[in-house]
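Me: Please go through the salt bridges and surface features of the structure below.
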Amino acid sequence: EGSGSYLGKILIRDYFQNTMPIELEDKFKKKFSIEYSQVLNSVYKKRFPNKYLAKYTVFLSENRGELYIENVLNEAFEAFVKNQLSVLIFDKEILKVGFVGSIAFYFKDVLEKVLKRNSYKIGNVYKEPMDGLIKK
């Protein structure tokens, strides 16, 4: 939940099930021009299906502000909180939740709002693992 592959899967699903708003569907089609068989082959027969799915997340950042896009991000991060964070036992008043990865980095604003809504505090957010280890 909340990963690039998770978000990419949502975009592809909505595109092929025609639940993406038509104007975004047109943009998606022009940008990627993919066929359903191509997706199935890439996900089930090729190596690194997670990377394949994650490549579609660039569409999210290119279309920020669209209600559909913001909803996809919110729902993905809410699912992350529900299924990953809520099962951990720690004092939310003391400990902050930190993240490493481009999804958290580029969509930090949405992630932070979702965390706050669920009574969590956001900690450091790094794009790359080394960013937190290298003194700047």
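Reply: A salt bridge here is a side-chain nitrogen of Lys or Arg within 4 Å of a carboxyl oxygen of Asp or Glu. This is a predicted model, in which local features need pLDDT of at least 70, side-chain atom pairs count only at pLDDT 80 or more, and totals for chains, interfaces and linings use all residues. Residues are numbered from 1 along each chain as its sequence is written, and side-chain values use heavy atoms, with hydrogens and water left out.

Me: How many residues apart in sequence are the parts tied together by R64 and D109?
Reply: R64 also forms a salt bridge with D109, with the closest N and O atoms 2.8 Å apart. R64 lies in the loop between α5 (58-62) and α6 (67-85), and D109 in helix α8 (residues 108-117); helices are DSSP runs (H or I, at least four residues), numbered from the N terminus. The pair therefore ties together parts separated in sequence by 45 residues.

Me: In which helix does E78, the salt-bridge partner of R117, lie?
Reply: The side chains of R117 and E78 meet at 3.0 Å, N to O. R117 lies in helix α8, and the pair ties together parts 39 residues apart in sequence, because E78 lies in helix α6.

Note on methods
Helices (H or I, at least four residues) and strands (E, at least two) are DSSP runs, numbered from the N terminus.
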